[in-house]
Amino acid sequence: MSADVVVIGSGAGGAPLSARLARAGLKVTVLEAGLRHPPSSVATDEVAQAGLFWMDERLSAGRDPVAFGRNNSGCGVGGSTLHYTAYTPRAQPDDLRLHSEFGRGVDWPLDFGELERYYDEIEGFLGVSGPAEYPWGPPRRVPYPHPPLPLNGAAELMQRGCEALGLRTSAAANAALSRPQMQEGYGVRHACTHRGFCQAGCATGAKATMDITYLALAEAHGAQLLDGSYVTGLRRSGSRLTGVEYVRGGKEHVLTAGTVVLSAGAIETPRLLLEQGLANRSGQVGRNFMAHTGIQIWGQFAEAVRPNRGIPGSLISEDMHRVDGLVGGYLIQSIGVMPVTYATQFVRGTGTWGHALHEHMRGYNHVAGINILGECLPSEQNFLELSTEQDGRGRPKPRIHFSAGDNERRMTEHAEALMRRIWAAAGAQKVWAFPRAAHTIGTARMGHDPAASVVDPWGRAHDIRNLWISDNSTFPSALAANPALTIMALSLRTADHMLEQGAV
Ligand SMILES: Cc1cc2nc3c(=O)[nH]c(=O)nc-3n(C[C@H](O)[C@H](O)[C@H](O)COP(=O)(O)OP(=O)(O)OC[C@H]3O[C@@H](n4cnc5c(N)ncnc54)[C@H](O)[C@@H]3O)c2cc1C
Ligand code: SF4
């Protein structure tokens, strides 16, 4: 088998680019380790839906080891978008210039204007629901295509608490439909029914997962999508890649390709590169692993909240985008939560078990949470390496070192104090905090300097000219915004650059 372009991984990084290149007439093959999970197969049962996650063991090290498995990355046609909450805020322009502003972190090798036109396009294509006026960031050039979704219980409480403290809030942008939309290559996607199970998959097709949006478009333009195809190696001849090796249906296969795009996410992408000894003249592969500062605050309320109902990502405040004494800032978001996820977090966060746990869970319908997503600075001490332990396939397990830096720790303290005040003002009792890190970011950073980065500003590997990377690994810094929209914007930008340069 052969292809012009082989894309490894079908998430937010791999899917938009695949559609763009297929539409341009290229022969594109997408290899995805996970299976297809169409909306019709999605159960309203978070335990039954566990197959959406990447469950191969990853080793965690450092002072603040990151939880993986169900907590962190997806596996399936659509990647992590199958279980993301679909919050889609844009990055703010100054977050791309942290070093210029603070002398710490790094500047991105591109400016906001280069993302903006892709943000506009993607929001239109996915059918993002959002407010008519958004209080933060540059004014929008085009309105969101759909009005915002109704607030869930936690969002109403957050609104009440923030109002009491004089903080501004806004309905959040969500890649979930508030009214039906025709999707090219898929058909009609129905409006959100507020069932609140976004993190276990969306049964209605309201949520913009990649399988029913960009991958459907890619397939409509002739792309071949092979699910259950686990890539184990990259073939090389001289300074170029010639194809990939993968296992499908228990058999080993080789696909020759003129161009290889790695979109396996910020853990599997560097893992493959390190294993294969590729694209690492800079020594930067696996370096600068980041995870958003993401402390959650939970409380119990007198009124029924029913935290599993409604779109989980409802309300946002970016008033803490800049905080005196911190490098960068954070945004505050309301959370919806399914019962098993809540119980698991409560056990992890408080160590409660047995009778006390049962008693606490009796109050599940009255719990509500808010959390932050905060900047995480790139650091030499946070990195991914290959361990000497092997997984079931005989591949070395990745070990990820993560220790929150001084800025992340102070940001967490600031956010915890503020969110406790918000929750107190909203009437919360029995408040508890769940410090955590969210998302896997960095590990194959982009930059102009081949000695300090893995790929150039368009995602092309400095060392191997027919290898490109399009996923969360190329972010030079974390940005205080949920990452999926920006990953997709970079993905389309990479595809356009490939086409403009005649690089494929
Ligand atoms: C619970 C949860 C909620 C989230 N909510 C939000 C949100 O509201 N908004 C937001 O912006 N972000 C959210 N995120 C984060 C967001 O979903 C991810 O950052 C983003 O989707 C990552 O995209 P990616 O393309 O980098 O990687 P992924 O989506 O992880 O895609 C990588 C794909 O590559 C495949 N793959 C890996 N290795 C191989 C291999 N060897 N061979 C073949 N295939 C392989 C994987 O199976 C996977 O499908 C959330 C994440 C989680 C865990
Ligand atoms: S809340 Fe809406 S978008 Fe989320 S899973 Fe339910 S129907 Fe889909």
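**Strands, a sheet and helices**

Author: Strand β16 and strand β17 (residues 396–401) pair in the antiparallel sense over five bridges. Strands (E, at least two residues) and helices (H or I, at least four) are DSSP runs numbered from the N terminus, and two strands pair if DSSP finds at least two bridges between them. This is a predicted model, where local features need pLDDT of at least 70, side-chain atom pairs count only at pLDDT 80 or more, and totals for chains, interfaces and linings use all residues. Residues are numbered from 1 along each chain as its sequence is written, while chains are lettered from A and ligands numbered from 1 in the order in which they are written.

Reader: Which residue of β17 is the bridge partner of Leu386?

Author: Strands of a sheet pair through backbone hydrogen bonds, either parallel or antiparallel. Here, Leu386 has Pro398 as its bridge partner in β17.

Reader: What is the order of the strands in the open sheet?

Author: The three strands run in the order β3-β17-β16, with mixed pairing. β3 (59–61) and β16 (383–390) stand at the edges with a single partner strand each, so one side of each has no neighbour in the sheet.

Reader: At roughly what angle do the axes of helix α3 and helix α10 cross?

Author: Axes are lines fitted to C-alpha atoms, for helices over the stretch in contact, and angles run from 0 to 180 degrees between N-to-C directions. The axes of α3 (residues 112–126) and α10 (residues 484–500) come within 9 Å and cross at roughly 105 degrees. That makes α3 roughly perpendicular to α10 (65 to 115 degrees).

Note on methods
Parallel < 35°, antiparallel > 145°, perpendicular 65-115°, else oblique.
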